[in-house]
Amino acid sequence: MGQSNPFAKQVVLVVEDDPLLRMMAVDMVEDAGFNAIEACGADEAVEILEHRSDVDVLFTDVDMPGSMNGVALANWARATDMPLGIVL
């Protein structure tokens with residue numbers, strides 16, 4: 001999705017507020033052959049998505065503290081023009 005180089009690894013943004021679960025999810029994503037970046041909540045994820053154009057997939061927890069939960073983050077991402085896959 002959105003990659004100009006077909007051999008480049010896709011980038012997955014992992015959003016999880018629990019550090020141990022986030023670490024496990026990042027390991028899972030990387031073991032599957034993707035590049036992972038991480039955010040500890042929706043606010044940090046929005047900041048990353050607004051400044052990086054190389055994110056292909058948003059992989060987010062549903063229940064998170066902060067200004068929005070994972071469902072609201074997914075809805076925000078869908079409302080932008082970013083070509084993102086979304087996994088809740």
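Colleague: How many of the six residues of strand β3 are buried?
Modeller: Keep in mind that this is a predicted model. Strand β3 covers residues 55-60 and is mostly covered. Buried here means under 20% relative accessible area. By that cut-off, the number of buried residues in β3 is five.

Colleague: Okay, and which residue in β4 is the bridge partner of Val57?
Modeller: Let's start on the β1 side, where five bridges join β1 (residues 11-15) to β3, running parallel. There, Val12 stands opposite Val57. Three bridges also join β3 to β4 (residues 85-87), again parallel. In β4, the partner of Val57 is Gly85.

Colleague: Through which helix does the chain cross from β3 to β4?
Modeller: The path makes a β-α-β crossover, and this one is right-handed.

Colleague: Now the inside: which element gives the most to the largest nonpolar core?
Modeller: That core has 17 residues, and Leu13, Val15, Val55, Leu58 and Leu73 touch the most other members. Leu13, for instance, is in contact with residues including Ile37, Ala45, Leu49 and Val55. β1, β2, α2, β3 and α3 each supply at least two residues of the core. With five residues, the top contributor is α2.

Colleague: How many residues are in the second, separate core that includes Val12 and Val57?
Modeller: In a regular strand, side chains alternate between the two faces of the sheet. Val55 and Leu58 are in the largest core, while Val57 is in the second one, along with Val12, Ala25 and Val26 among its members. The size of that second core is seven residues.

Terms used. Residues numbered from 1 in each chain as written. Predicted model: local features only at pLDDT ≥ 70, side-chain atom pairs only at ≥ 80, totals over all residues. Heavy atoms only, no water. Buried < 20%, exposed > 50% of the residue type's maximum accessible area, 1.4 Å probe, protein only. Helix = DSSP H or I, 4+ residues; strand = E, 2+ residues; numbered from the N terminus. Pairing = 2+ DSSP bridges. Right-handed = clockwise from strand over helix to strand, strands pointing away. Core = buried A, V, L, I, M, F, W, Y, C linked by side-chain atoms within 4.5 Å. Contact = heavy atoms within 4.5 Å. Lists of a residue's contacts leave out its neighbours within four places in sequence.
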